[in-house]
Amino acid sequence: MGRAQKIKNRIKNSSFFGMSYLTGTLILVKFLQLFIKPNEKQILFISYSGRQYSDTPKEAYNMLRTDPDFADYELVWALNKPKLYKQPELGRKISSNSPTFFYHLLKSKYWIANSSIDRLIPFEHKEHIYIQFWHGVPLKALGHSEVGLSKLVQYWYDHVQFDFMFTYSDYDLAKFREVFPRTKQFVTQGQLRKNIVKRYEQNITPARIKYQLGIKSDKPVLLYLPTFRGYDAKEQTNLTQATLAKLSENYTVIYRGHYFTDSMKQGQIITAENYSLYKLFMIADTLITDFSSVFFDFSVYGKKIYLFQPDVSEYCARRGIYLDAKKDLNLPVAYSEVELMQLLQEDDYDYHLLQELTKKYNPHDGDEAAAALKNILMTFL
């Protein structure tokens, strides 16, 4: 974890520093609003608060930059470390860690994000359109349901005003209505991120992805995606090196941690921290995760999903979850490594449950969300 992120975490998790940051930045923003008027044809994109060039904001960017209706728009990306991103399609980049960030934010008429774009400062923005694509179906508790949430983050949940918030299904629509009570309009046409793999399939083959990752074996690919705990767990959380080594006998194992976790570099495991998650979806035959909502996105491809939750009691007590793996999701879940190995050896996986999962939690086609986004932007032309 970088120094800047540590400073952000200290501010976010301290009542004194958090509220001081909120008060000071609100004053700054209100002052800037007196002088900065938005460019009616400028859109600012940010993914995971500037940590990545990825996910739905990236898909929205690629969609709009190739659309003739937006040829004269200024499309701006906010990144914590913009110099690291050299993708040829990227145009204008600004630093989301810079003191000038709020200038660029206020200068942009439209904001497209998958988390906070306002740096946890929920200010009034009557001249801007805030479009929120959340980064997943809410499986972990959010807002007032989240155990130990800092005052600054809770204040943001309670006061942020999204002009439009996209949802996957009736399930997350109900949750987000509670979590983000000041949202003006919910868009129930699904999530644009569902088109990411479709776009990749037009430009890259699974063989090319395997080549880029250095995969030479014909063994099935197992994608392991543990999530971030945010606390010092007393129980086991991740698979041990011994188990991963055992899995490597029959699988090509790819590890991709949460963006807060450190990389794993040991043995035959392939680490893919900075590699596109959706390209990994294309080559993965099996997914193992724990409390990450990523399986909702993976389920649409009809490939095996297993949940590894040895610390489920501790996680529920210290973080909180909305859905039980067995009762609500009907997914195969293991509470020990022995159970997980046994599940993987069984040959009667029920693929029908994946269809039911998608039907309930992720039923819309990505093109529906694309059409809805364009309709929103065209409305304000």
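**Where to start**

Helix α13 (residues 337-345) lies across β8, β11, β12 (304-308) and β13, and runs at about 170° to β12. The model is a predicted one. The protein chain has 15 helices and 13 strands.

**The chain as a whole**

- The radius of gyration of the protein chain is 21 Å, close to the 21 Å that the globule rule gives for 381 residues, so the chain is as compact as a globular protein of that length.
- The C-alpha trace of the protein chain spans about 65 × 45 × 40 Å along its principal axes.
- Of the 381 residues of the protein chain, 56% count as buried.

**The six-stranded sheet**

- An open sheet is formed by six strands in the order β10-β9-β8-β11-β12-β13, and the pairing is parallel.
- Its edge strands are β10 (270-271) and β13 (333-334), each of which pairs on one side only.
- Strands β8 (residues 221-225) and β11 (residues 286-289) run parallel and are joined by four bridges.
- L225 has T289 as its bridge partner in β11.

**The seven-stranded sheet**

- Another open sheet has seven strands in the order β3-β2-β1-β4-β5-β6-β7, and the pairing is parallel.
- The edge strands here are β3 (92-95) and β7 (186-187), and each pairs on one side only.
- Strand β1 (residues 39-46) pairs with β4 in the parallel sense over five bridges, and W111 in β4 is the bridge partner of L44.
- β1 also pairs with strand β2 (residues 74-79), in the parallel sense and over four bridges; the bridge partner of Q42 in β2 is E74.
- β2 in turn pairs with β3 over four bridges, in the parallel sense, and L79 stands opposite S95 in β3.

**Nonpolar cores**

- In soluble globular proteins, nonpolar side chains tend to be buried together.
- The largest nonpolar core has 96 residues, of which F180, I254, F295 and L331 touch the most other members.
- Helix α10 (residues 277-283) gives the most to this core, with six residues.
- Leaving out residues up to four places away in sequence, F295 touches L139, L287, T289, I305, L307, L329, L331 and L357.
- Another core, of 29 residues, lies apart from the largest one, and its members include Y53, A60, I112 and I129.

- L105 is placed in helix α4 (residues 101-107).
- L105 counts as buried because its relative accessibility is 0%.
- Apart from neighbours within four places in sequence, L105 is in contact with L44, W111, I117, D118, F123 and H128.
- L105 and I43 are 62 residues apart in sequence, while their C-alpha atoms are 9.0 Å apart in space.
- H128 lies in the loop between β4 (108-113) and β5 (129-133), and is buried, with a relative accessible area of 4%.
- Not counting residues up to four places away in sequence, H128 touches P38, L105, L106, S108, K109, W111 and D163.
- A polar atom of the H128 side chain lies 2.8 Å from the backbone oxygen of L106.

**K41 in strand β1**

- K41 is found in strand β1 and is partly exposed, with a relative accessible area of 34%.
- Once neighbours within four places in sequence are set aside, K41 is in contact with D72, Y73 and E74.
- The side chains of K41 and D72 make a polar contact (2.6 Å).
- K41 and Y73 are 32 residues apart in sequence and 4.9 Å apart in space, C-alpha to C-alpha.

Conventions: Residues numbered from 1 in each chain as written. Predicted model: local features only at pLDDT ≥ 70, side-chain atom pairs only at ≥ 80, totals over all residues. Heavy atoms only, no water. Core = buried A, V, L, I, M, F, W, Y, C linked by side-chain atoms within 4.5 Å. Buried < 20%, exposed > 50% of the residue type's maximum accessible area, 1.4 Å probe, protein only. Helix = DSSP H or I, 4+ residues; strand = E, 2+ residues; numbered from the N terminus. Contact = heavy atoms within 4.5 Å. Pairing = 2+ DSSP bridges. Axes fitted to C-alpha atoms, helices over the stretch in contact; angles between N-to-C directions. Polar contact = N/O pair within 3.5 Å; in protein donor to acceptor, adjacent residues only side chain to side chain. Rg over C-alpha atoms; globule rule 2.2 N^0.38 Å.
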